[in-house]
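Please read these points with the sequence and the structure open beside you. They are meant for someone who is meeting this structure for the first time.

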Amino acid sequence: MLQTLYDCFWWERLWLPVNLTWADLEDRDGRVYAKASDLYITLPLALLFLIIRYFFELYVATPLAALLNVKEKTRLRAPPNPTLEHFYLKSGKQPKQAEIELLSRSCGLSGRQVERWFRRRRNQDRPSLLKKFREASWRFTFYLIAFIAGMAVIVDKPWFYDLRKVWEGYPIQSIIPSQYWYYMIELSFYCSLLFSVASDVKRKDFKEQIIHHVATILLLSFSWFANYVRAGTLIMALHDSSDYLLESAKMFNYAGWKNTCNNIFIAFAIVFIITRLVILPFWILHCTVVYPLELYPAFFGYYFFNSMMGVLQLLHVFWAYLILRMAYKFITGKLVEDERSDREETESSEGEEAAAGGGAKSRPLANGHPILNNNHHKND
């Protein structure tokens, strides 16, 4: 039974063009070809990334946060209350008005006190500013190194300048060690992100991030054992070109360097739009959809690869919408914040300090405009 499933999964007609077999991709004459078994190394490498990340955040990111004066806002803790805690854990973090009234009667507290307790309790669960800074530092470091390394791998290749050469001789295309390690390291990193997703900072696009990680892992894995390696290296470098800018903007954001954060964000938005909404669909996706059909009939692997590319492109459109909405607010002088963030609730945000001075404080300005993201009240 298992052997039958194995044979069906690796049926050549699924993953290779017609009249080609896995035997055509066996190493010979000193030429090495991509094999599915190469991917086994990604799991131990992903675990190694988690270990490296732990020590990086402890011995590099934490001292860097102190150097940049990343300060955590003091949070008032919710006083112990078994009834409210049980509701919070079992029924929800945002009780409705009718539930607040019932809880108020059962606890002997006023409705305002119950609302305050839940507000403070929610803030307790939000990640600290230091945690967010360390996470952004780790991703910035990897994406920057990956982008530089990726460009070094592909910049001297003919298919970097002529996309038709991506398919020249396909699938009998040998690989070199730099391509191998570029693939294994990128794939391992995305696996490590998937492993750590439960402990990482959760944002409003959490589900989209999961879809992105899974689609990326499937895309990289398939492109390796089906020998779409040339296209895969181009796609990875293209994605890394903007990711490190976003993470660096977050780092300066958490450190309170507002103008620097704003300027980097603008650079990120420009690079993201150009690479994800112009180059990727009109050059890279065109290369993977149109050019292969000039060489061989479409097969399952062709549809699978381009379907995953389509999923990524839809996510890029979604994130581009958020980025453009933020840019619009920035240009028009409105407060700009990470649209994926979950705002931390302040004591004054719900009128608790009305008696002391009347409502929420006005937001600070920079050069006549509201500054980008008041970090000590944000979750990203």
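The numbered points below take up a pair of helices, a loop residue and the cysteines.

1. Please bear in mind throughout that this is a predicted model, and that the remarks below describe the model itself.

2. Which residues of the two helices meet? On the side of helix 3 they are F49, I52, R53, F56, E57, A61, T62, L64 and A65, and on the side of helix 7 they are L130, F133, R134, E135, S137, W138, T141 and F142. Sorted by class, this contact between helix 3 and helix 7 is made up of 10 nonpolar, 3 polar and 4 charged residues.

3. R126 is found in the loop that runs between helix 6 (111-125) and helix 7. Is R126 buried or exposed? Its relative accessibility is 10%, and R126 therefore counts as buried, the cut-off being under 20%. The side chain of R126 is also joined to the side chain of N123 by a polar contact of 2.7 Å.

4. On the cysteines, the count of disulfides comes to 0. C287 counts as buried because its relative accessibility is 2%, whereas C8, with a relative accessible area of 47%, is partly exposed.

How values were computed. Residues numbered from 1 in each chain as written. Predicted model: local features only at pLDDT ≥ 70, side-chain atom pairs only at ≥ 80, totals over all residues. Heavy atoms only, no water. Contact = heavy atoms within 4.5 Å. Helix = DSSP H or I, 4+ residues; strand = E, 2+ residues; numbered from the N terminus. Nonpolar A, V, L, I, M, F, W, Y, C, P; charged D, E, K, R; others polar. Buried < 20%, exposed > 50% of the residue type's maximum accessible area, 1.4 Å probe, protein only. Polar contact = N/O pair within 3.5 Å; in protein donor to acceptor, adjacent residues only side chain to side chain. Disulfide = S-S within 2.5 Å.
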